[in-house]
Amino acid sequence: MLELNNVRKTFNIGTINEKKALCGLNLHLNPGDFVTVIGGNGAGKSTMLNAVAGVWPIDEGEIIIDGVNVNKLCEDKRAKYLGRVFQDPMNGTAATMEIQENLAIAARRGSRRTLKWGISRKEKDEYRELLKILDLGLEDRMTAKVGLLSGGQRQALTLLMASIKKPKILLLDEHTAALDPKTAAKVLEISQKLIDENNLTAMMVTHNMKDAIAYGNRLVMMHEGRIIFDVSGEEKKKLTVDALIQKFSQTSGEEFSNDRALLN
Amino acid sequence: MFTYFTSLPPAIAQGIIWGIMAIGVYLTYKILDMADLTVDGSICTGMAVCTVLIVKAGTPTWVGILCAMLAGMLAGLVTGIFHTAFGIPPILSGILTQLILWSVNLKIMGGTSNVGYPFNKEFFISTSALGMTLLYLVLIVALIIGVFYWFFGTELGSAVRATGCNLNMSRAQGINTDRTKVLGLVISNGIVALSGAILSLFLGFSDANAGRGAIVIGLAAVIIGEALFSRFTKNNFALKLTAVVAGGVIYYIVYQTVIFLGLDTTYLKLLSALLVAVFLGLPYWKKKYLGKHEKKKEAKKHA
């Protein structure tokens, strides 16, 4: 479903801020894979997701989504293959527009935007049913501006928008990091539900080791711009937080220094 | 006092015309979230194209107005290309186009800075038939608001709105934000040039200097409309646009009143600019002051 072959990306080449973010990254995702991605700060987790999303062109390598080489496609062209949820709940939705308008915009991802009316009556009924899945009461507030919603509600709505067109790959970039633990749990539960119901292939970056173990069928650990640990199936189910931390210091040869991850 | 009241209907008419321009400013400033300084030039382009076509080429009035609008749209396209293809910040892109238009406008008017309509020629917009002029202006405003209401409800219009609200989200949802920005600038400057064409008919001439500070008048109209009528407009887009036009009218009534009270007209632009500066500052001060307030409250809570 997704192939990353020897992907390289360096930021600020030739300056003192030069940063090798991705150094020969290889990753192959099978259809239906739900991969959790962990790693220290600056390991390249978000950079990998942004490379897939086409936020900027990569320096080397190739990115193939469902058999299509998307190297040359810019961000808005790639959007038709992808669903994306960001760390900042403000990033995924248009605050000054209604809940139903946001969904209508997402529902037209990948198709030409014409002079037809932006939302049809039939769609509104569909959206009401979809919003019920979230179980947040949003189905009764479809004409409310998204700016009135809480961070968790906005993140849940973004998830719905991301999955509404059944993307080839769902990219979740630390999408619960800005939420309180209770809301984060709820948003994770919704993510799982939407992934299951739509049979999505997903990548979820997280700083929470427990979540990384509990969710998905596969876990990858990144370090210095490449994947250093890749485990799936039964082996992944047996993982513990301690084992992961040990694995990290073992493979990378460094103390696992990420406080945020340890605290979790 | 009598002269004051007789001066009001022309002021209202001019207010509506500038209000039309302010709708264009509203589109860039409020919907696209960028200050587009092209308008200072494109309003004159509208005036010049309309006047020259009617006076020198002898075209019907509507052809003059339509071509003025197209010329304004072209100006918006230039600004849009500067911004999206050249990567120049929107304000600077607008300033560059504005400067280009200074030359273009003078060239259109044949090298002079002022071209007049013949005195004996009557248009549907004129100072001599104010009643009908006001009626036509209201109809034009209603038409523009209707078209705007329709367009920004369509798939494409929604994409333009989303672009102004959240670039990140728009791109993630497959919107080509460069294209929507250019589209917004094209429409906005088309409306601005349209108001310029109508203004030239109303004043009876076009002037290369008439656009100086147009953006400030537009912003003033938007701000006044919002400050006075936001309670009534709620979230209705058509009402919001109506409030913008009303803001333009109020601006011109105040303008007329200040002149009547004997203020040196040299100061008018200074006052307009200061007024806009203060109103733009208000939300910032509010945040700063209220922010402090909240912090104190927060501190108390944790104490």
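Helix 9 of chain B gives the most to the lining of the largest pocket, with six residues. Welcome to a predicted model, where local features need pLDDT of at least 70, side-chain atom pairs count only at pLDDT 80 or more, and totals for chains, interfaces and linings use all residues. Residues are numbered from 1 along each chain as its sequence is written, and chains are lettered from A in the order in which they are written.

**The largest pocket**
- About 980 Å³ of space lies in this pocket.
- Of its 39 lining residues, the closest to the centre are A:Thr96, A:Lys145, B:Arg161, B:Phe237 and B:Lys240.
- Two or more lining residues come from each of these elements: helix 3 (99-107) of chain A, and helix 1 (2-31), helix 6 (155-165), helix 9 (214-233) and helix 10 (237-260) of chain B.
- A pocket here is an open set of points on a 1 Å grid, with protein on both sides within 12 Å along at least five of seven lines, and lining residues have an atom within 4 Å of a point.
- Helices are DSSP runs (H or I) of at least four residues, and strands are E runs of at least two.

**A pair of strands in chain A**
- Strand 6 (residues 82-85) runs parallel to strand 7 (residues 169-173), joined by four bridges.
- A:Val85 in strand 6 stands opposite A:Leu172 in strand 7.
- A:Leu82 and A:Arg84 point one way and A:Gly83 and A:Val85 the other, and all are buried, that is, under 20% relative accessible area with a 1.4 Å probe and protein chains only.

**An exposed leucine**
- B:Leu143 lies in helix 5 (residues 130-151) of chain B.
- With a relative accessible area of 58%, B:Leu143 is exposed (over 50%).

Key: Side-chain values use heavy atoms; hydrogens and water are left out. Two strands pair if DSSP finds at least two bridges between them. On a 1 Å grid over the protein atoms alone, a cavity is a set of points where a 1.4 Å probe fits but cannot get out, and a pocket is an open set with protein on both sides within 12 Å along at least five of seven lines; lining residues have an atom within 4 Å of a point. Grid points are joined across faces, edges and corners, and a volume is the space filled by probe spheres set on the points.
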